[in-house]
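Reader: Please walk me through this structure. I would like to learn how to read its features.

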Amino acid sequence: MTQITPIILCGGVGTRLWPMSRSQSPKQFHPVAGAGSPTFFQSTVQRHRSELYSKPIVVTAAAHRAKVRHQLNDLQCHAD
């Protein structure tokens, strides 16, 4: 079976959810439903986890690389 490779674009400057989001912590890295809930980014990753999908490719700024890796590790998910 051919799998779909999800490409997750994870960027922005943090202006839409201001004042909570900032350039160093844009909205995709904040919890969707309050403390303890998955972030917007994690929710996107979770929607693409099944036999239908291969591991995702995440496109983000170098400044957010560590945060992306940390949030992927929280989900026990590997990505390119």
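Reader: Is K55 buried, partly exposed or exposed, and why?

Author: Buried means under 20% relative accessible area, exposed over 50%, and partly exposed in between (1.4 Å probe, protein chains only). K55 has a relative accessible area of 43%, so K55 is partly exposed. This is a predicted model: local features need pLDDT of at least 70, side-chain atom pairs count only at pLDDT 80 or more, and totals for chains, interfaces and linings use all residues. Residues are numbered from 1 along each chain as its sequence is written, and side-chain values use heavy atoms, leaving out hydrogens and water.

Reader: Which residue forms a salt bridge with K55?

Author: A salt bridge puts a side-chain nitrogen of Lys or Arg within 4 Å of a carboxyl oxygen of Asp or Glu. Here K55 pairs with D80, and their closest N and O atoms are 3.2 Å apart. The pair links distant parts of the chain, 25 residues apart: K55 sits in the loop between helix 1 (40–47) and strand 2, D80 in the segment after helix 2. Helices (H or I, at least four residues) and strands (E, at least two) are DSSP runs, numbered from the N terminus. The structure holds one salt bridge.

Reader: Is D80 buried or exposed, and why?

Author: D80 has a relative accessible area of 54%, so D80 is exposed.

Reader: Where does I57 lie?

Author: I57 lies in strand 2. I57 counts as partly exposed because its relative accessibility is 31%.
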